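Thanks for coming. I have one structure to go through today, and I will keep to the geometry.

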Amino acid sequence: MAIERIFVRTRKLATLLAGTALAASTTLVVGAAPASAAGPCGSSYSRVGVYPISRGDGTRTGTLEVYYSSSARKNCALTYGYGPYANTTSWKRVTISRGDGSGEDTNAGQFKYYAGPVYVSAPGQCIDVAGTVPDWVTRELNNVHCG
């Protein structure tokens, strides 16, 4: 009889634990973003470049990301903080333009997460992009992502 009680209690505990695990995994799956979720520039944009922003001594302060949408035929850029500048309010700037300097779009200021997104339409041309985190630590790329 004592063995039967232990078996019943163990079975109840196992059922309770299995139910808790199922509830937890269901919550995680339901709370997860779908694979087709929109990125920072919009749902049709794909990331085409990730560039570190670093001081002269090599200390990384930020990240410049470039995206492209073939359906919108536009490029997009954002600048994120890195290390002590990540998720903290600090000066962040991002600029994008056509390779000839036209169509410039800039977003700059004291941001917690990122500057941007900024956009330019440059079919058949190259683009220029730049990111700054914090003041005066800038990464510039000229005549890139041509197409």
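I will take the disulfides, then the sheet, then side-chain contacts, and finish with the backbone.

Some ground rules before that. This is a predicted model, where local features need pLDDT of at least 70 and side-chain atom pairs count only at pLDDT 80 or more, while totals for chains, interfaces and linings use all residues. Residues are numbered from 1 along each chain as its sequence is written, and side-chain values use heavy atoms, with hydrogens and water left out.

Disulfides. The criterion is a pair of cysteine sulfur atoms within 2.5 Å. Searching the whole structure under that criterion gives 2 disulfides. One of them is between Cys41 and Cys76, with an S to S distance of 1.9 Å. The link of Cys41 and Cys76 is left-handed, at -75 degrees about the S-S bond. It ties together distant parts of the chain, 35 residues apart: Cys41 lies in the loop between helix H1 (2-31) and strand S1 (46-54), and Cys76 lies in strand S3 (residues 74-81). When I say helix or strand, I mean DSSP runs numbered from the N terminus, with helices being H or I of at least four residues and strands being E of at least two.

Are these two cysteines buried or exposed? For the cut-offs, buried is under 20% relative accessible area, exposed is over 50%, and partly exposed is in between, using a 1.4 Å probe and protein chains only. Cys41 counts as buried because its relative accessibility is 7%. Cys76 is buried too, at 0%.

The other disulfide is formed by Cys126 and Cys146, and there the sulfur atoms are also 1.9 Å apart. Here the angle about the S-S bond is 100 degrees, and the link of Cys126 and Cys146 is right-handed. This pair again links distant parts of the chain, 20 residues apart, with Cys126 in the loop between strand S6 (114-120) and strand S7 (127-132), and Cys146 in the segment after strand S8 (138-144). Cys146 has 48% relative accessibility and therefore counts as partly exposed. With the bonded cysteines numbered in sequence order, the pairing reads 1-2, 3-4.

Next, the sheet. Strands of a sheet pair through backbone hydrogen bonds, in either a parallel or an antiparallel sense. The test used here is that DSSP finds at least two bridges between two strands. There is an open sheet of 4 strands, in the order S5-S4-S7-S8, with antiparallel pairing. Strand S5 (105-111) and S8 are at the edges with a single partner strand each, so one side of each has no neighbour in the sheet. From one strand to the next, the twist averages 5 degrees; axes are lines fitted to C-alpha atoms, for helices over the stretch in contact, and angles run from 0 to 180 degrees between N-to-C directions. S7 and S8 are paired antiparallel over 5 bridges. Within that pairing, Ile127 has Val144 in S8 as its bridge partner.

Now side-chain contacts. How many salt bridges does the structure hold? It holds 1, where the rule is a side-chain nitrogen of Lys or Arg within 4 Å of a carboxyl oxygen of Asp or Glu. That salt bridge is between Glu65 and Arg47, at 3.3 Å, N to O. The two are 18 residues apart, Glu65 in strand S2 (residues 60-69) and Arg47 in strand S1. Glu65 counts as buried because its relative accessibility is 10%.

The charged end of Arg60 sits over the ring of Tyr82, 4.0 Å from the ring centre; the rule asks for NZ of Lys or CZ of Arg within 6 Å of the centre and within 35 degrees of the ring normal.

Finally, the backbone. Most residues other than glycine have a negative phi, and most peptide bonds are trans. Gly116 and Pro117 are joined by a cis peptide bond with omega about 5 degrees, and Pro117 is in strand S6. Val133 to Pro134 is cis as well, with omega near -25 degrees, and Pro134 is in the loop between S7 and S8. In that loop between S7 and S8 there is also Trp136, whose phi is positive, near 70 degrees. Trp136 is exposed because its relative accessible area is 80%. Asn87 also has a positive phi, near 55 degrees, and is found in the loop between S3 and strand S4 (90-98).
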